[in-house]
Amino acid sequence: MTNSHPPASHPSPTTAEPGGPGCAGGLTVLDPPELPGPADDVDEGPAAPSATLQDRLAGRLSDITSLHEHTERLARARGLDATLDAVLASGAALLGAGRGVLVTLMPGGGPGQPVGLGLDRASLGALETVPAEQSMLTRLLSEHDRPEELHSPDLAEDPAVGGRLRELAVHLGLGGAVGLPLATVEDGPLAAAVWFYDRPAEPARCRRELARHYCEIAAPLLAKQLESERIRRTTEALRRGLLPDHLPQAAGLRLAARIVPAGLDRSSGSDWYDAIPLPDGTVGLTVGSVSGDGPGAGPGSAPGAAAAMGRVRAALRAYAVLEGEDPVSVLGDLELLLKTTEPSRTATAVYAWVEPEERRITLAGAGHCPPVLVGRHGAEFVETSLSAPLGMLACWEAPGVEFIAERGDTLLLYTEGLARRCGPTLHAGQANLRRAAADAPRDVRIDPDRLCAHLLAVCPDPDAAPATDDLMLLAARFE
């Protein structure tokens, strides 16, 4: 394995076809055309120099066009995964390779999970077993003495390649390889990619230079995607940290929940769910959503909305412990707190007080979607009184609803974001959600965890626009 040329003692490899991107006319973006000067030999006739120059100019134009097409594709990529896929695919096209692997540098150093092109999970897992001292990826991610390029004409026979990598080259059918780093001056190494040929091959210099130039262009874009992904993960960790890390266990009641946060660049609200074990052995169940123009609010303001949601949820837990059997009082106290401490925000919520042994449920809702009760014969809405969201009226109050569930029934609480993803309108989405719960297979309906997973899988409309609200579900089954 070398940085620029194969070892002199190595057999002459197969050269990649020169007609692809980066090789037209033998001229690359980095090579200026060789214009004829006064000392040029003119005995070949006036047409020869002109034809040579035209061929080289055509080659330069072909290279620039190819590079432009691939960088345009990269610019259109949305999200980190799409960016990594674009880098792998474009690098393979520019080099004329068939397969590839790319890893990003982890915050603590070392390669992260590999992304593959033409390599299945088993092959990617096998490549991860290559020791660091033999790994082309590790060398390309090095902070110091990082090579601009690594390539080997034949991994299986190259004496500079370690034994494990040579073994895998034979096992996976890998021939020649070219590796390039993705790094910037400001950020240092960001990622590394290695592309593989299916047979021994030495790609033409023009191909390698064009791929290297492409990686130099891709690196700053990748840096931005990695930073966005880091912020997204940090914020989602914050949001999930403000929600229960586990659901309580209560005799006669099985609980399950699901949340799919909306994208940070679109979300202006934040949803919660909670299951609160109360001192008398009963349980308080609640879901809700905070929105509004408070500090840090607006599209893409998930951190500010999540912080407000955490404060509201914590207050609701306290009110539930103090007067949990009266949902109207719980939501009334929450509304007063919201108007006092979060005057520019509103919230929708439903709170249910549950006696598991008697299967008695008392609930109240504030501008929230009606819960669904799933039984052996179908699914029906639990109609709560029409009410404005909390924080919108001078004084909120609405009557509660009380009913007895049958053994085996499941109560579904959900937020508006899920309903809006299930149909073209909120009303249609609610109806589709109820229908999906009723039509779920029996073995799914009797398991609240599977029922939540099933509804999230079948309900969201595939033609709907990207979600601007969290998707939230809380299921409680009476045993």
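Two strands count as paired here if DSSP finds at least two bridges between them. Helices (H or I, at least four residues) and strands (E, at least two) are DSSP runs, numbered from the N terminus. Everything shown is a predicted model, where local features need pLDDT of at least 70, side-chain atom pairs count only at pLDDT 80 or more, and totals for chains, interfaces and linings use all residues. Residues are numbered from 1 along each chain as its sequence is written, and side-chain values use heavy atoms, with hydrogens and water left out.

View A. E8 pairs with strand E17 (residues 471-478) in the antiparallel sense, over eight bridges. Across that pairing, arginine 254 sits opposite arginine 477 in E17. The open sheet they belong to runs E8-E17-E16-E13-E14, with antiparallel pairing. Strands E8 (253-260) and E14 (378-381) have a single partner each, so one side of each is left without a neighbour in the sheet. On average, neighbouring strands here are turned by 20 degrees against each other, direction ignored; axes are lines fitted to C-alpha atoms, for helices over the stretch in contact, and angles run from 0 to 180 degrees between N-to-C directions. Helix H12 (residues 448-458) packs on this sheet and touches E8, strand E16 (410-414) and E17, contact meaning heavy atoms within 4.5 Å. The direction of H12 makes about 25 degrees with that of E8.

View B. E4 and strand E5 (residues 177-184) pair over three bridges, and leucine 150 stands opposite glycine 179 in E5.

View C. H2 (residues 80-95) reaches 23 Å from its first C-alpha to its last, close to the expected 22 Å, a figure that is 1.5 Å times one less than the number of residues. Of its 16 residues, 12 are buried, so H2 is largely enclosed by the rest of the structure; buried means under 20% relative accessible area, exposed over 50%, partly exposed in between (1.4 Å probe, protein chains only). Just after H2, glycine 96 takes a positive phi of about 75 degrees. Histidine 70, in helix H1 (residues 47-76), is buried at a relative accessible area of 12%. Leaving aside neighbours within four places in sequence, histidine 70 contacts Ser90, Ala93, Leu94 and Tyr214.

**View D. Valine 350 in strand E11.** This residue of E11 (residues 345-355) is buried, with a relative accessible area of 2%. The C-alpha atoms of valine 350 and valine 287 are separated by 5.8 Å, though the two are 63 residues apart along the chain. Not counting residues up to four places away in sequence, the contacts of valine 350 include Leu285, Leu363, His368 and Leu413.

**View E. Nonpolar cores.** A nonpolar core is a set of buried Ala, Val, Leu, Ile, Met, Phe, Trp, Tyr and Cys residues joined through side-chain atoms within 4.5 Å. The largest has 49 residues, and Leu285 and Ile361 have the most contacts inside it. Another core lies apart from it, with 29 residues, among them Leu80, Leu180, Leu182 and Leu210.
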